[in-house]
Each structure stands twice: as C-alpha cells, then as structure tokens.
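Thanks for coming. Please look at the sequence and the model before I start.

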Amino acid sequence: MPTTPATVDHSASNGVQPTAADASIMLELVDEDGVTIGTAEKLAAHQAPGQLHRAFSVFLFDESGRLLLQRRALGKYHSPGVWSNTCCGHPYPGEAPFAAAARRTFEELGVSPSLMAEAGTVRYNHPDPASGLVEQEFNHLFVGLVQAGPRPDPEEVGETAFVTPAELAERHASAPFSAWFMTVLDAARPAIRELTGPAGGW
C-alpha cells in the first residue's frame, strides 16, 4: 500500500539543505524479507526513525584487485565529504537493483563495470549523527571489475581512490567514512574474495 509521508523538517544539522529534486525522488519501501510494500519520498524515508527501503551498494575493483572508493561531494545533504564504497543508492520504484546499480555507477563515476555480479543482501539500521537522518535499508550488494578510469560528476563525488586492503585500513583509521560502509563491506566480503582471489587479501 503506498505510503503518504507526514510533513517533516528537511533541514540538516550539517548545514547542507536538501534540494527539491531530493524531495521528489521516490523509494521502494519493503518488509523484512525485501518484499515491496509501498513507496515514500526519499527524504521522508530517511527521517528518524527511518522507513525500511530498498537500496544497493557496489564494490568495483581494478585488475590489480584494488577497491575503488569515492568521497561523497561536500554538497550532498546526507553524509557529505565522507569516504564510502564505489557507489550506493536506491532503485526507483519498480527498477531492478542490478539496473539501478549500473545506472548510478555511470551517473556518479562515468564508468560502466566490465563485469558485475550479485553478492547477496544485508539489512541494517544506521543513524547518521551529523544530519540526524537514518539509514533503514534492505541493501542489494554487487561486486565487479572496472577497466576505465573514473570521470566523476563533481556534484556527486568529491574524490576517488583505488586502495589495497592495507591502504583501506589506514584510510579508514584516519578519515571519516559513511556509517554503513563497514556493514556493506563485511557482507560483501565472500563475493569480493571470490572475485579477487586469495592473493587479493580481502
């Protein structure tokens, strides 16, 4: 049954204001089994305590087995300026998660995976202390390979980096990462190890 969100305060404590486009994007609400039960506006779905919705996370690796990270643009209203996995987002209602993952990877980073495979799902509840928003997500995971260098959209991505497991550990200890990063990485590790091989160190 479609959900009509209540009126909410869209201001963020980090000072970045959501745009009208953010408010108009619709997400798929799901139950604990990932079955679609309705829709909600993107901002309303993320207002505390959060509404469980469908999402995706992508992990792309180069031929050396290094993970492509992105630092989210400073202008984003949710988790700006923090490092995270290659790409993450939300399918449009009725859009297949795989198609959404491929679409957003190209829109944000200007690359199309040369190979991408499903890597399971993970359900989590991660509040973002900086903005007060909450990630209540049923997340579809994807791993793959990328051969071209990224050409990021500066409105979406502030910086990119290819990292080894050791470089990731060092960066994670010294720089801010998204609240959901380690949850989705740990859930995707079996598929990542299958993709990159035992020598990859993941």
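**Salt bridges and cores**

Let me begin with Asp 62, which is buried, at a relative accessible area of 11%. Buried here means under 20% relative accessible area, exposed means over 50%, and partly exposed is in between, with a 1.4 Å probe and protein chains only. This is a predicted model, in which local features need pLDDT of at least 70 and side-chain atom pairs count only at pLDDT 80 or more, while totals for chains, interfaces and linings use all residues. Residues are numbered from 1 along each chain as its sequence is written, and side-chain values use heavy atoms, with hydrogens and water left out.

The side chain of Asp 62 meets that of Arg 66 in a salt bridge, 2.7 Å from N to O. By salt bridge I mean a side-chain nitrogen of Lys or Arg within 4 Å of a carboxyl oxygen of Asp or Glu. Arg 66 is partly exposed, with a relative accessible area of 32%. The structure holds 11 salt bridges.

Next, Glu 156. Which side chain meets that of Glu 156 at 2.6 Å, N to O? That is Lys 76. Lys 76 sits in the loop between β4 and β5 (83-84) and Glu 156 in the loop between β8 and β9, so this pair ties together parts that are 80 residues apart in sequence. Helices (H or I, at least four residues) and strands (E, at least two) are DSSP runs, numbered from the N terminus.

Glu 156 also forms a salt bridge with Arg 104, with the closest N and O atoms 3.3 Å apart. Arg 104 belongs to helix α3 (residues 97-109), 52 residues from Glu 156. Both ends are buried: Arg 104 has a relative accessible area of 17%, and Glu 156 has 18%. Through shared partners, one network joins Lys 76, Glu 95, Arg 103, Arg 104, Glu 107, Glu 108 and Glu 156.

Now the packing. A nonpolar core is a set of buried Ala, Val, Leu, Ile, Met, Phe, Trp, Tyr and Cys residues joined through side-chain atoms within 4.5 Å. The largest has 23 residues, and those with the most contacts inside it include Phe 59, Leu 67 and Ile 192. Among the elements that give two or more residues to this core are β3 (53-61), β4 (67-72) and α5 (181-196). Helix α5 gives the most, with 6 residues.

Apart from this core lies another, of 13 residues, among them Phe 56, Cys 87, Phe 142 and Val 146.
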